[in-house]
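I'll talk about pockets and then about a pair of helices. Let me put the thing on the screen.

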Amino acid sequence: MTGTAIAIRHVAFEGLGTIEPLLRARGYEVKIADACAGAVATLMPPDLLIVLGGPIGAYEDAVYPLLADELRLIETQMSRAAPILGICLGAQLMARALGARVYPGPQKEIGWSAITLTSEGESSPLAPYRDGAPVLHWHGDTFDLPAGATRLASTSITTNQAYSIGTTALGLQFHGECDGRDIEHWLVGHAAELASARIDVPALRAASKTEGPRAKAAGMAALSRWLDQLPKEPT
């Protein structure tokens with residue numbers, strides 16, 4: 001499938017990462033919509049919608065009204081069964097748009113570690129993670145599995161790490177787009193959160209160098225498989 005891929009971005013350093021070259025290699029025209037600049041309000045549903053992460057809660061639309069526009073676009077995209085990928089906050093917004101509850105998790109999950117695939121996940125595009133490849137976790141919230149969704153992966157802290165709806169909707173609580181090369185932007189941008197969660201910043205920086213290459217390989221393989229299974233014609 002080719003066409004226009006629009007990524008909704010909430011903070012500058014949480015971008016498409018390794019996803020962008022995959023999209024361009026398939027002929028997509030890639031556009032970035034800056035949520036904080038009000039860019040989402042006028043968007044028409046694209047051929048492929050990607051909703052990226054950010055440091056706000058998917059349930060905080062009373063405080064951050066921009067989320068209402070995102071929820072409307074997500075609902076429209078999914079009602080058309082058009083391709084959509086949600087990462088971290090994006091996966092939470094997808095879950096909320098489907099009627100599931102989003103809420104604070106039992107603890108912050110920040111750092112590099114593996115996910116555990118379900119039996120459905122083993123046969124899904126996430127299969128490249130079955131050998132224990134690490135991913136970057138960076139969240140405090142979680143969500144209930146939406147009705148009609150298939151759970152693909154979990155961790156000991158977060159039951160719903162990944163889910164799918166058919167072949168066109170994929171929600172990832174973890175950051176499969178990250179390879180660790182831009183970790184300094186995350187460390188500085190989320191300095192207050194890291195301090196409050198008592199995260200060892202030098203250790204996280206060091207882990208990004210050692211775990212990043214393997215995470216990149218698995219992430220690009222998984223997302224390539226997902227893109228490959230999308231409908232060949234725009235919805």
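So, let's start with the second largest pocket: its lining has five nonpolar, four polar and five charged residues. That pocket holds about 170 Å³ of space. There are 14 lining residues, and the ones nearest the centre are Phe13, Leu16, Gly17, Glu177 and Asp182. Oh, and before I forget, this is a predicted model.

Now the largest pocket. Here the volume is about 250 Å³, and 18 residues line it. If you want to centre your view, go to Gly54, Pro55, Ile56, Gly140 and Glu193, which lie nearest the middle of that pocket. Which element gives the largest share of the lining? That's β7, with four residues. β7 runs 134-143, and α3, at 89-97, also puts in at least two residues. By class, the lining of the largest pocket splits into six nonpolar, seven polar and five charged.

The axes of α3 and α2, which is residues 66-79, come within 9 Å and cross at roughly 70°. The crossing of the two is right-handed. On the α2 side, the contact uses Leu67, Glu70, Leu71, Ile74, Glu75 and Met78, and α3 answers with Leu93, Met94, Arg96 and Ala97. Sorted by class, that α2 and α3 contact has seven nonpolar residues, three charged and no polar ones.

Okay, that's my bit, over to you.

Definitions and conventions
Residues numbered from 1 in each chain as written. Predicted model: local features only at pLDDT ≥ 70, side-chain atom pairs only at ≥ 80, totals over all residues. Heavy atoms only, no water. 1 Å grid on protein atoms, 1.4 Å probe; cavity = no way out; pocket = protein on both sides within 12 Å on 5 of 7 lines; lining within 4 Å. Points joined across faces, edges and corners; volume = space filled by probe spheres on them. Nonpolar A, V, L, I, M, F, W, Y, C, P; charged D, E, K, R; others polar. Axes fitted to C-alpha atoms, helices over the stretch in contact; angles between N-to-C directions. Left-handed = near helix turned anticlockwise from the far one by under 90°. Contact = heavy atoms within 4.5 Å.
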